[in-house]
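Welcome! Please take a look at the model below, and then let us walk through its interfaces together.

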Amino acid sequence: MAATAILLALAAVPPLCAALAQPYYLTLFARVMILGLAAMGLNLVLGFGGLVSFGHAMYIGVGAYAVGILDAHGVTGGLFHLAAALAAGAALACFVGTVCLLTRGIAFIMITLAFAQMVFFLAVGLKEYGGDDGLSISARSAFGPLHLDDPTILYYAIFAVLLLTLLAGHRLVHSRFGMVLRGAKLNERRMAALGFPVRRYQLTAYVISALVCVLSGFLLANLTRFVSPAYMQWQVSGELIVMAVLGGTATVLGPLVGAAILLLIEEALAAFAMGLPVGVEEFVRDHRLGALGLLIVLAAVGMRRGVYGALAPSAH
Amino acid sequence: MLRLEDLVKHYGGLAATDHLCLEIAAGELHAIIGPNGAGKSTLIGQLSGEIRPDQGRIVFDGRDITREPVHRRALAGLGRSYQISSVFTEFSALENVILAVQARSGHSFRFWRRANTETQLVQPAQAALAAVGLSDLAQRSVASLAHGERRQLEIAMTLASKPKLLLLDEPMAGMSQAESAELTQRLATLKGSLTIVLVEHDMDTVFALADRVTVLVAGRTIATGTGAEIRADPGVRQAYLGEQEESW
Amino acid sequence: MSVIVLLTQLLNGVQLGVLLFLLSAGLTLVFGIMNFINLSHGSLYMLGAYFGAAAYTATGSFLLAVVAATGGSLLLGLIVERVALARLYAREHLDQVLATFGLILIFNEVARVTWGPSSVYIDVPGTLVGAVDLLGLSYPRYRLFIIGVGVAVAVALYLLIHRTRLGMLIRAGASVPTMVGALGVNLARLNALVFALGAALAGLAGLLAAPLMSVQPGMGEPILIVALVVIVTGGIGSIRGAFYGALIVGIVDTVGRAFLPELLRLMLSPSLARAAGPALASMLIYLVMAGVLALRPQGLFPVKHG
């Protein structure tokens, strides 16, 4: 029920924005979906696999840079962009995942962070592609008659990718593969004793989850027509975790809700009158990151299942 | 069925397993007992593959498995239960057993179809639940099961994975007298249909069930034989009476 | 000539390593004892720098600045630990990451509100201005002072951990937490103590770094990430691991940044070397850490269990 309502609301954003002549909110909700997609991807390993990756922002970067770099060389074909992004992401995720899965617990968190930092500094070092300052993209990925330059078409393309990912995610967590992944989260030792080569399944999940983030990066580059190392700052990896946990890690849709909450609250603190006394209102607006931090701490201390997790029946 | 040849495992200067040799015949129920610190846990760990021996060989069903990882041993037919009941608490009882069946029915790189609608997984799982008398609780979340019921579920899972040899690591630990009597009975009915290695503190169970008993002290076997032989063995009496008189 | 440059860079590496050690010592113990991941430790470093800078500007006494930095962060650490973090010890790492990530945002805003968004600078204290002659090598006196303080703290921590009852409990807590609890020790109090000690050292590190870098909101995060690299490389829960890990990371980072670009110039085309050099130098410590973890998942100096 809640899921249908959320998706219908997202589908209704473009006509509403057109009616209210507020194109800015189209971009805002496109961002919500893109980051929600990345958080959903992360949540496959985080929520269902119990593997806390603190480096998934690097895959957003891979997807975005694939578009940026190919565009800089005059390649505008969307399928080329997509294929390059996914191939690069899969290769990186296979390598990084294999090394990281040698460790568990805190060491896993840290080593995923270390790899993300490496890729971040690599991007900073790509002086031909803007280095620290990033790189503007001259034209959006070309998909024949599908003109992503039209904001509404771009919005619905992102929406379609989101829907497909949701469906696939929902099937996956209840499939044999999902059972193994969730079982390994609960009791990895026991899974091995039952005869499952656990690491192989975890690596597969890691690669799938990375590819969803690559997809999100690909869409982000097309939305902003810009890529920069900032897309893969460690704070972004942290925010993805925040979104997943805020929305609820036990559900497929939860991270999308978390992304919406995080981005919309930040937007609301920045843009809307809150009816607070003069001075206080200014103060909150100027220091909204602190307010957000407070919210995150409260959520972590007080909430066990996330906002969406509390509304919807759990996936199990 | 299972042969340990000159197995050695050291922790620092301490020999937890000290040139251990042991032969377990197909179909027998072989109990391993010994005082605390005799190296039983280390031995179980080496059998299931979680601990790698420093030296020696483990041959299972005619195959050297000394260097095989845990999941390969499990697929080769070496099943084990844990000292601490370790079922998957977020899953239903049925899903727990489905996982056990799934492990033995091909790879699990299947991403689309719901596992709990696959007949080839559900049917054997239900049969295993019925065998331990848990059919009524199939859909219940394991978190809501009582301790004894979880242990029975554990047995159902082990059975569903159709092992050739079953490693039971203190299955009676933490059970009430009635529960452990029931489990003893169930094990008695399993006897003969598969090989069982039983590590147990509860001596009544050991002598009621075991075909043969091996006594482990300081990482070596000091005696192997039938229950009666072990009871009569002066070396065993001394090893035990010195430390654990009340057990006898 | 180049020997002198190399020695200078090595000393700079040691100096960075010492700062990293001060930051890592408390963090690694809390990691080890409570299995707790605290991303907001860098905020204590930042706030320590602010406390110290404020005291130094007000009084002109560096000694008072040290007292303010360590005392202030100690108190703050105690409050944060009791109010928020202690509730999270029994939770998953995920909740811990989340909560302490939120704390970072809060503390950065607190710093921005209290001291403004722009950087605060403080001078090297008068007695430590200038250079020392080390067998023909001229080296800044203040950096040498940092190394001295760091080594002194390391020795003091060594004595604390190996010679006192508190140290025995900390060691036991890091290897077998349940046993310490079973012995009837108040694990919560032990951990609050360790946490406060770690916070004080982080504050001290922040103050010591202040004359070399600027004091500004968000200054704690980059160095926190490096401190996490130190801890994981050295072995979680081990002071010895933190010490050697910090020195390794400090030296690798400093020497790598100084010489790697030139080294690459010898092997690659100039344009490629110019592009790859700085990037590779920044990646070096992460490469070291990934290598260590891949080969020894427990780190270089793992705490012995059992």
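## Where chain A meets chain C

Between chain A and chain C there are four residue pairs in polar contact, with both partners at pLDDT 80 or more. Helices H6 (105-125), H11 (234-247), H13 (280-286) and H14 (288-302) of chain A are the elements that each give two or more residues to the side of chain A that touches chain C. Of these, H6(A) gives the most, with 14 residues. By residue type, that side of chain A divides into 27 nonpolar, ten polar and three charged residues.

Please keep in mind that this is a predicted model. The contact takes 40 residues from chain A and 38 residues from chain C. Together the two chains bury about 3700 Å², and 84% of that area is on carbon and sulfur atoms. A:Ile106, A:Met118 and A:Trp234 supply 17% of the area that chain A buries against chain C, more than any other three residues. As for salt bridges, the count between chain A and chain C is zero.

## A histidine at the A/C contact

Let us zoom in on one residue of chain C. C:His93 lies in helix H4 of chain C, which covers residues 93-115. Is C:His93 buried or exposed? Its relative accessible area is 17%, so C:His93 is buried, the cut-off being under 20%. Leaving aside residues up to four places away in sequence, C:His93 touches A:Gly105, A:Ile106 and A:Ile109 in chain A, along with C:Asn35 and C:Ile37 in chain C.

## Where chain A meets chain B

Now for the other partner of chain A. Here the contact takes 28 residues from chain A and 35 residues from chain B. The two chains bury about 3100 Å² between them, with 62% of it on carbon and sulfur atoms. Which three residues supply 28% of the area that chain A buries against chain B? They are A:Arg176, A:Met179 and A:Arg190, and they supply more than any other three residues.

Three salt bridges are counted between chain A and chain B. In a salt bridge with B:Glu118, A:Arg176 brings the closest N and O atoms to 3.0 Å apart. On the chain A side, the elements giving two or more residues are helices H7 (151-174), H8 (176-186), H9 (188-194) and H10 (198-224). H8(A) gives the most, with seven residues. The chain A side that touches chain B divides into 15 nonpolar, seven polar and six charged residues.

With 17% relative accessibility, A:Thr165 counts as buried. Residues up to four places away in sequence aside, A:Thr165 touches A:Leu37, A:Met40 and A:Val212.

## Cysteines without disulfides

How many disulfides does the structure hold over all chains? The number is zero.

On accessibility, A:Cys94 counts as partly exposed at 37%. B:Cys21 also counts as partly exposed, with a relative accessibility of 46%.

Definitions and conventions. Residues numbered from 1 in each chain as written. Chains lettered and ligands numbered in written order. Predicted model: local features only at pLDDT ≥ 70, side-chain atom pairs only at ≥ 80, totals over all residues. Heavy atoms only, no water. Contact = heavy atoms within 4.5 Å. Buried area = accessible area lost by both parts, 1.4 Å probe. Salt bridge = Lys/Arg side-chain N within 4 Å of Asp/Glu carboxyl O. Helix = DSSP H or I, 4+ residues; strand = E, 2+ residues; numbered from the N terminus. Nonpolar A, V, L, I, M, F, W, Y, C, P; charged D, E, K, R; others polar. Disulfide = S-S within 2.5 Å. Buried < 20%, exposed > 50% of the residue type's maximum accessible area, 1.4 Å probe, protein only. Polar contact = N/O pair within 3.5 Å; in protein donor to acceptor, adjacent residues only side chain to side chain.
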